[in-house]
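Me: Could you walk me through one part of this model in detail? I would like the nonpolar surface patch and whatever else you can say about the residues around the chain.

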Amino acid sequence: ADTWGVAYQVQQDQLRHSLEYLNLRESVLGGYVCKTVTFYSRGVQARGSSTLALVYIATPQNPLYLGPAKAEDIAGQIVRSRGHSGHNLEYLLRLVHFMRSACPGVEDKHLFSIEAASLALAPAPADRQA
């Protein structure tokens, strides 16, 4: 499966601190596992180049892991949930914005159906507490 996103290069002097922080936030507290994957860069200058990257993947051991579900069920969970970094709806909308602006040729039907279902369930913007 293809996953679209951004890879960040961490400077050597920040590597240990960054990995400790991510491991605590994502693996210990968050119910995610860390995997090493091959990341293929996109763009004319980077075409065909790759590097190893770390990704964090939710597991069924995560207490908030919904598992396979319909877009409406996922949307309901998103609209009701808030984490340490903010409301899950804001996270979803930022992800959708990123996909549309950075990956305009990618049509992620699953993501966009969750967006539509979430917006249908969400209170009006003036009522939202970000």
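This is a predicted model: local features need pLDDT of at least 70, side-chain atom pairs count only at pLDDT 80 or more; totals for chains, interfaces and linings use all residues.

Reply: Happy to! Residues are numbered from 1 along each chain as its sequence is written, and side-chain values use heavy atoms, without hydrogens or water.

Here, L24, V28 and L29 form a nonpolar surface patch of about 320 Å² (Shrake-Rupley areas, 1.4 Å probe, only the protein chains shown as cover). L24 belongs to helix α1, residues 12-28 (a DSSP run of H or I, at least four residues; strands are E runs of at least two). L24 has 45% relative accessibility, so it is partly exposed (buried is under 20%, exposed over 50%, partly exposed in between; 1.4 Å probe, protein chains only).

Elsewhere, T59 sits in the loop between β2 (50-58) and α2 (71-80), and at 12% relative accessibility it is buried. Beyond its neighbours within four places in sequence, T59 touches G31, Y32, V33 and Y65 (contact: heavy atoms within 4.5 Å). With G31 there is also a polar contact: a polar side-chain atom of T59 is 3.2 Å from the backbone oxygen of G31 (N or O atoms within 3.5 Å, one able to donate a hydrogen and the other to accept it; residues adjacent in sequence count only if both atoms are side-chain atoms).

As for cysteines, C34 is partly exposed at 35%, whereas C103 is buried at 4%. The model has zero disulfides (cysteine sulfur pairs within 2.5 Å).

Notes. Patches are made of residues with over 30% relative accessible area and no salt bridge: like charges are joined within 9 Å, nonpolar side chains (Val, Leu, Ile, Met, Phe, Trp, Tyr) within 5 Å. A salt bridge is a side-chain nitrogen of Lys or Arg within 4 Å of a carboxyl oxygen of Asp or Glu.
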